[in-house]
Amino acid sequence: MKYSRSDAPKRPKPERLQDWNEVYLQEDQEERNAAVRTQATRCMDCGIPFCHSGTAGCPLGNLIPEWNDLVRRGDWELASDRLHATNNFPEFTGRLCPAPCEAACVLSISHDSGGAVAIKRVEETIAEMSWEGGYVKPSHAAVSTGKRVAVVGSGPAGLAAAQQLTRAGHEVTVYERDDRLGGLLRYGIPEFKMEKKVLDRRLAQLRREGTKFVTGCEVGVDITVEQLRADFDAVVLAVGALRGRDDKATPGRELKGVHLAMDHLVPANRACEGDGPSEISAEGKHVIVIGGGDTGADCYGTATRQGALSVTQLDQYPMPPSVRDDDRSPWPVWPHILRTYPAHEEAGERRFTVAVKRFVGDDDGHVRFIELQQVRVEKDSSGRRQVIPVSDEIEVLPADLVLLAIGFEGVEHMRLLDDLDISLTTRGTISCGSDWQTTAPGVFVCGDAHRGASLVVWAIAEGRSVANAVDKFLTGASSLPSPVIPN
Ligand code: SF4
């Protein structure tokens, strides 16, 4: 009660719009650590720490009260040890996770308490102190099992599974179809949320531990399934859920300038990697982002930095006043406040309870306007979502670039899944049993490919759990942790 919640300070808006670097201020280490120790002091070490696990808290079971206390006492090395005990990549979650732990924190019950403990800020600072203090060291397996595992996909789920399995003594090879490693962490998440040097630093640790990586290799095409089966004792599919949901029903969808969100984000991230200018740039354009979630916010901040004339983000749902009294929105919210991303503070506008009625083009077939209508969202008797116009009034907004960030519909079509004869769920994800094994024996699944597009913390949790299952499959038993079960 003595201290207020305080989040990590951000760079001034005009400054951060001039570059792609992370939005947070590079603070003096001593000042940063003192501020974060004060924040950790707010933790009450609850008898039942809802932040730590359960249906609402951290899927990884992060030992939050334990490391809050270690930070309070200034023992960064032990705090790093306890944080890494449950989380392979706390520098990713500290930057990217919307922090279900904070939503579950007992201190968020009351406005008078000053809000949840700033767990994410504490986590990120421990993670950075781990690197600055040299506490992150390669962890080598005590014995080699002689078993070989292929991990397909190098996003957070694949990397977590690979690191756990390598540390358990298996020979692990990660296959990535792209030219660089990281999956969505590389080509989906913009630099201003997490600079790629953060990813590269962790990849170097995995390499030193013995995980092997092959890039530019599409399994099922560049390596046949027969060869994969012959070379490996088990296979982990961590191929993501990148089939973007489209909006074919709205008239004008076929116009030039209307794109899926990832068609914008991937080249923008490639441009930051030095691959030349983005093919789909927002520079000098009126930009409409459709969809109020994380991907929409990433498009929003990217368009702003590319020099858009205007950026407007549309959401069919109302601005949620509170996560507790309004659970209609599917987008992540923090308790008591509308979830605002740093990108939203910088420029542009957010519009709620609206939907596009029509995309309108010019004589060249390029989108120039959208027609907008006020709507409400309801579920019908079968539970299906219905978008209902609430007025005949049409509003027209200029639109030279429209980005559809309305979710994902499961895994992309890939030959690998056909050749393995893998079954998909009705949601387009890969089904598995309680042991994470798919319908193909010896082939396991984790992350978005299993769960559907979700949070980075769930990807890491599933990667850790699938490693436990594969280890058991290969050796008959496992001491690896398994924080979550298949849904
Ligand atoms: Fe600390 Fe909040 Fe967790 Fe309680 S719920 S132990 S106050 S972080």
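Begin with domain 2 and domain 3, whose centres, taken over C-alpha atoms, are separated by 30 Å. In this predicted model, local features need pLDDT of at least 70 and side-chain atom pairs pLDDT 80 or more, while totals for chains, interfaces and linings use all residues. Residues are numbered from 1 along each chain as its sequence is written, and side-chain values use heavy atoms, with hydrogens and water left out.

To colour the domains, select 13-132 for domain 1, 148-242 + 409-475 for domain 2 and 258-404 for domain 3, with bounds that come from an automatic or database domain assignment. Where domain 2 meets domain 3, 14 residues of domain 2 are in contact with twelve residues of domain 3, contact meaning heavy atoms within 4.5 Å.

Next, select the ligand, which 13 residues surround, the closest being C43, C46, C51, C105 and V106; a residue counts as near if one of its heavy atoms lies within 4 Å.
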